[in-house]
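Let us walk through this protein step by step. Start with the overall layout, then follow the strands.

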Amino acid sequence: MDVSEDLLSRARALVGSQGQPLVARHAVGTAAIADWCDAMGDDNPCYTDPEYAAKSVHGGIVAPAATLDIWVRPGLPAQSPSGRRGDDPQSKVIALLEAEGFVGVVAVNSELEIERYLRPGEVLQGVQVLEDVSEEKQTGLGTGHFLTTRTRYSTTDGEHVGDLLFRILKFKPGTGSAPKGEDSDTPKPPPSDPSMRPRPAINRDNQALWDGYRRHELRVPQCRSCKRVFFPSSPRCAECGSFDMGYLVASGKGALYSHVVVNYPQVPGFAYPIPVGLIELEEGPRMVADLVGVTREQLAIGMPLEVEWLDSHPALEPGATDSQGPITLPRFRPATPQRRPETRRAAEVSEGEQLPIWVLPVTPTRITAGALSTRDFQDVHHDRDLAHKKGSADIFFNINTSIGLMERYVTDWLGPEVLVRALRVKLGAPAYPYNPLTFTGSVTSIDTGSGRAVVEVTAKNKLGSHINGTVEVELPR
Ligand SMILES: [Zn+2]
């Protein structure tokens, strides 16, 4: 018997075994809920506003459905004095696999089923059963084993509150299949590092605009005499003839007036195809800028947009504010959908209805805040050096952040008092920093009798599909 067969038989001997109940160290609490809301950008008042929550369907503050599995987590075990580590069957299999070099880890599936919402002060416990350890499989990340567990959550009084089916892949870094598209037939696209773009010509007429961009302030030229706003900058007002030019700080909001998609010629500094928009700003003038987080198919005339900033070029000369200085470019993404203040009724929702596109910038801060607010201290979600060592290109979203964002996307659209009954996610491409995630969704079923609805959600980035998920909800009838 070789090492891997021995490993597999030892790991598989644990299938069906159940861990000791893992009891949360702390009760469900309002501070932790508020941190979660900040990290997800979820402003649902049922989670944080006691007065609103008291009058809501919940009768008081509740924890978001997506937090079900965070409360019993052990904290930061490696650093803690007691070295807390679960004795659950998953941890035992992980220890076996890590001893054989399967040190990489990614979550693959997570399915939360919510019996009822949790309230501050409740102490949870989870009992985990190991459902499966797969044969060794070759995956894009490396050879590895899939581990499937099911955890039943209850209060310490024994009341069942929900369940989690969870699947992870433990893999050997550096054993992944070769990335596709490296064959010699395919012409290589030029490097897309934005600092390779030509630097803009900065002169006396447009200096104030570029100074504003560096401060992430969208300045629009304005005539000081007649107050006309216009684009592009000009030394003289075309309306009244004045040479007294100033600027207005625009809101950064606008609508898509027209667009083209640039495919060719391909020059360094850009990732092709490039959707380019003519954006009509709220203040009136139209400007040209790149569009981000949106595909050609998703472009629609009139779609609401908002500015975002690309710090594209470092300074060539310290302190320079002309073309040799640091350059920041305005670009536009679909406007963040607004949270609906009133909850929709089942009869108002129809099958096939589309959710508005949501483009979320992904930053190291968001990744780290998401992981810590879901009490996930795995280093690959906050420590770039260790993420590299474990075979990952960078830190990446933990699955609870992806699920929390998916919950926010759907509940923002349906309203604060919609009840989330299940959150199911299949994870694909990792969400790394600086790759915006584009969420889309649609209602796949609605039962006006029970108020039950299913919303399908995908979140994609340039690497592919990050999540494919469903949110099962119950709407007021
Ligand atoms: Zn004028």
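This is a predicted model. The domain assignment gives two parts: domain 1 covers 3-180 + 343-474, and domain 2 covers 194-333. How far apart do the C-alpha centres of domain 1 and domain 2 lie? The distance is 38 Å. The domains do touch: five residues of domain 1 are in contact with six residues of domain 2. Look at the side of domain 1 that touches domain 2. Four of its residues are nonpolar, one is polar and none is charged.

Now turn to the strands. Begin with β3, residues 124-133. Strand β1, residues 22-23, runs antiparallel to β3, and two bridges join them. Here V23 stands opposite Q125 of β3. Strand β5, residues 143-155, also pairs with β3. Nine bridges link β3 and β5, again in the antiparallel sense. Find V129, and you will see R150 of β5 opposite.

Next, move to β18, residues 464-474. Which strand pairs with β18 over eight bridges? That is β15, residues 419-427, and the pairing is antiparallel. Within this pair, V425 has G469 of β18 as its bridge partner. Strand β17, residues 452-461, joins β18 as well, through ten bridges. These two strands run antiparallel. K460 stands opposite S465 in β18. How many residues sit between β17 and β18 in their hairpin? There are two.

Methods: Residues are numbered from 1 along each chain as its sequence is written. This is a predicted model: local features need pLDDT of at least 70, side-chain atom pairs count only at pLDDT 80 or more; totals for chains, interfaces and linings use all residues. Two strands pair if DSSP finds at least two bridges between them. Helices (H or I, at least four residues) and strands (E, at least two) are DSSP runs, numbered from the N terminus. Domain bounds come from an automatic or database domain assignment. Two residues are in contact if their C-beta atoms, placed from the backbone, lie within 7 Å. Ala, Val, Leu, Ile, Met, Phe, Trp, Tyr, Cys and Pro count as nonpolar, Asp, Glu, Lys and Arg as charged, and the others, Gly among them, as polar.
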